[in-house]
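Subject: A structure to look at together

Hi there,

Here is the structure I promised to pass on to you. Please open it beside this email and follow along as you read.

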Amino acid sequence: MVEKEKVALIREQETLMVPLYSRALETRKASPIIEDRKALEIVDSIDYDFSKLEIPKQTHVTICMRAKYFDDFTRTFLNENPRSLFIHLGCGLDSRFERIDNGSVEWYDLDYAEVMKLRKKFYSEKTRYNMIESSAINISWLDKVDNSDNKPVVILAEGLLMYLPEEEIKKLFQALQSKFGHCLIIFDCYSLLTASNINRHPSFQKTGAVVYWGIDEAEEIEEWGENIHLLDEWYFSKSSEIDKLDFFYRLLFKMAGASKIAQKAHRIITLELG
């Protein structure tokens, strides 16, 4: 019998198990929102009680829609800019590079040292694929990124920024501008109301993670500094995957689309920095 990899993660680090397990469960469906065979492989290979996460169905659906949107955004950008540089902050055990690799993208995955220690059981660095052990806010990690040939730069921060205080997010944006001059950053965020209530969510209580940041009006981010431009604010009610859901959840997401407050509860934002 093959011995499974043991998991020793703390607080917000452990939240990576929620999207990992959600993508694995979704992949088993006949018509999945997103297909991630690597997630299935990892779930079957680690010693972890996923049942304790108690992931509500709506959370599962939202996580899979989010992953699909980030994948689609990445593929679309690479179709127009094949030789780009992507950095995935707080990558966890995600397999996005394997899912979207076009043969020329330069990719960096970044997460805590403890997470990367586990990640390296399932992934290896290779040409155009790099792993960095660091928190996103310890900005010295930027010294390890080489963009001497000035590729277009995209930063992915999926399920990350809400765990950071606003001042740390501002410092991160400033550091990205200083390093690259110009880049895009795409991230999901909560409204203030959602951020204040989400810590009572079962999965958050099980992992001990704490949400610090939310924002109601995305346009306010443009006031954080010079040359910050809001490009897009995407709502889950716009997802083309809604038709794959059970009737109740199709209705739930469509009703959310009719309410500005409900739409802003959790959405995906694209910014241009520089």
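Let's start with two helices: helix H2 (residues 17-27) and H4 pack with their axes 9 Å apart and at an angle of about 90 degrees. (Helices are DSSP runs of H or I with at least four residues, strands are E runs of at least two, and both are numbered from the N terminus; axes are lines fitted to C-alpha atoms, for helices over the stretch in contact, and angles run from 0 to 180 degrees between N-to-C directions.) H2 is therefore roughly perpendicular to H4, a label for angles of 65 to 115 degrees, while under 35 is roughly parallel, over 145 roughly antiparallel and the rest oblique.

Which residues of H2 and H4 make the contact? From H2 they are Val 18, Pro 19, Ser 22, Arg 23, Leu 25 and Glu 26, and from H4 they are His 60, Ile 63, Cys 64, Arg 66 and Ala 67; contact means heavy atoms within 4.5 Å. Six of these residues are nonpolar, two polar and three charged. (Ala, Val, Leu, Ile, Met, Phe, Trp, Tyr, Cys and Pro count as nonpolar, Asp, Glu, Lys and Arg as charged, and the others, Gly among them, as polar.)

Before going on, a word on the source: this is a predicted model, where local features need pLDDT of at least 70 and side-chain atom pairs count only at pLDDT 80 or more, while totals for chains, interfaces and linings use all residues. Residues are numbered from 1 along each chain as its sequence is written, and side-chain values use heavy atoms, with hydrogens and water left out.

H4 (residues 57-80) also meets helix H10 (residues 247-256): their axes come within 12 Å and cross at roughly 70 degrees. H4 and H10 are therefore roughly perpendicular to each other. Lys 57, Gln 58, Val 61, Thr 62 and Met 65 of H4 touch Tyr 249, Leu 252 and Phe 253 of H10. In this contact, five residues are nonpolar, two are polar and one is charged.

Now for the sheet. Seven strands form an open sheet with mixed pairing, in the order E5-E4-E3-E6-E7-E9-E8; two strands pair if DSSP finds at least two bridges between them. Strand E5 (129-133) and strand E8 (228-235) are at the edges with a single partner strand each, so one side of each has no neighbour in the sheet. E8 runs antiparallel to strand E9 (residues 266-273), and seven bridges join them. Tyr 235 stands opposite Arg 267 in E9.

Happy exploring!
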